[in-house]
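Subject: Structure for you to look at

Hello,

Please find the structure below, with the sequence beside it. Have a look at it first, and then read the notes.

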Amino acid sequence: MTNSVALRTAKDRIRYTLLFEATLMAMIVPVGAAFFDKSLANIGLLMAILSVNAMICNLIYNWTFDRLEARQGRISSERTWPRRLLHAAGFELMLTAMSLPINTYWLEIGVLEALSVNIAVTFFVVAYTYLFTFAYDLIFPLRHSSERPPNDAVG
């Protein structure tokens with residue numbers, strides 16, 4: 001069934017990931033620097049490390065999620081709001097598990113404090129992910145395969 005459902009191209013997923021991370025970093029770095037009383041460069045470097053980690057996780061997670069949905073005949077840009085919430089929350093759970101050791105080491109804080117910070121940031125990022133992805137799908141929509149002209153390149 002994957003062949004009859006439009007999927008985002010690798011180029012499109014890379015654009016999504018880069019825009020997502022750049023916008024998120026612009027919001028989080030100044031707040032993190034003030035909260036932890038660290039320099040913008042220190043928190044900026046931490047965010048760059050976490051961003052690379054997140055981009056890799058994002059590409060793998062979205063590729064997998066899109067294919068699971070395609071098998072069910074769903075198009076990623078037409079997700080319902082409950083599926084968007086599931087998508088965003090699932091990604092953030094995976095990312096929290098991957099970033100907790102990095103935050104603990106870099107910020108020189110305990111695991112529980114790092115988890116608290118991760119949870120607070122995660123609530124923000126889940127909302128951000130939902131809104132960003134919704135806006136991205138409006139700006140760069142996919143069409144059903146039958147609606148796409150033969151030489152139309154999405155991405």
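Predicted model: local features only at pLDDT ≥ 70, side-chain atom pairs only at ≥ 80, totals over all residues.

Residues are numbered from 1 along each chain as its sequence is written, and side-chain values use heavy atoms, with hydrogens and water left out.

Overall

The protein has 4 helices and 0 strands, and along the sequence its pattern reads α-α-α-α. Helices (H or I, at least four residues) and strands (E, at least two) are DSSP runs, numbered from the N terminus. Of the 155 residues in the protein, 41% are buried. Here buried means under 20% relative accessible area, exposed means over 50%, and partly exposed is in between, with a 1.4 Å probe and protein chains only. Contact means heavy atoms within 4.5 Å. Among contacts between residues at least 6 apart in sequence, 74% join residues at least 24 apart.

Helix H1

H1 covers residues 10-36, and at 1.5 Å a residue its 27 residues should span 39 Å; the end C-alpha atoms are 36 Å apart, which agrees. The expected span is 1.5 Å times one less than the number of residues. A kink of about 30° lies at Ile28, shortly before the proline Pro30. The bend at a residue is the angle between axes fitted to the seven residues ending there and the seven starting there.

The buried residues of H1 include Arg13, Tyr16, Phe20, Leu24 and Ile28. What do the buried residues of H1 pack against? They pack against helix H2 (40-71), helix H3 (81-107) and helix H4 (111-139).

Helix H3

H3 has a kink of about 40° at Ser99, shortly before the proline Pro101. Among its buried residues are His87, Phe91, Leu95, Ser99 and Leu107. The cover over the buried residues of H3 includes H1, H2 and H4.

How the helices pack

Two packed helices are described by the angle between their axes and the distance between the axes. Axes are lines fitted to C-alpha atoms, for helices over the stretch in contact, and angles run from 0 to 180 degrees between N-to-C directions. A crossing is left-handed if the near helix is turned anticlockwise from the far one by less than a right angle, and right-handed if clockwise. For residue classes, Ala, Val, Leu, Ile, Met, Phe, Trp, Tyr, Cys and Pro count as nonpolar, Asp, Glu, Lys and Arg as charged, and the others, Gly among them, as polar.

- H1 and H2: the axes come within 9 Å and cross at roughly 150°. The crossing of H1 and H2 is right-handed. The contact of H1 with H2 has 16 nonpolar, 6 polar and 3 charged residues.
- H3 and H4: the axes are 8 Å apart, at an angle of about 145°. The crossing of H3 and H4 is right-handed. The contact includes Leu85, Ala88 and Leu100 of H3 and Leu115, Val125 and Phe134 of H4. Its residues divide into 12 nonpolar, 8 polar and 3 charged.
- H1 and H4: the angle is about 145°, and the axes are 11 Å apart. The crossing of H1 and H4 is right-handed.

Single residues

Asn62 is in helix H2 and is buried, with a relative accessible area of 2%. Not counting residues up to four places away in sequence, Asn62 touches Arg13, Tyr16 and His87.

Ser99, where H3 has its kink, counts as buried at 8% relative accessibility. Ser99 touches Leu50, Asn53 and Asn118, again not counting residues up to four places away in sequence. Ser99 and Asn53 are 46 residues apart in sequence, and their C-alpha atoms are 7.7 Å apart in space.

Most residues other than glycine have a negative phi, and most peptide bonds are trans. Which way does phi go at Asp37, positive or negative? Phi of Asp37 is positive, near 50°. Asp37 is in the loop between H1 and H2 and is exposed, with a relative accessible area of 72%. Glu108 has a positive phi of about 55°, and Glu108 is not a glycine either. Glu108 lies in the loop between H3 and H4 and counts as exposed at 68% relative accessibility.

Regards
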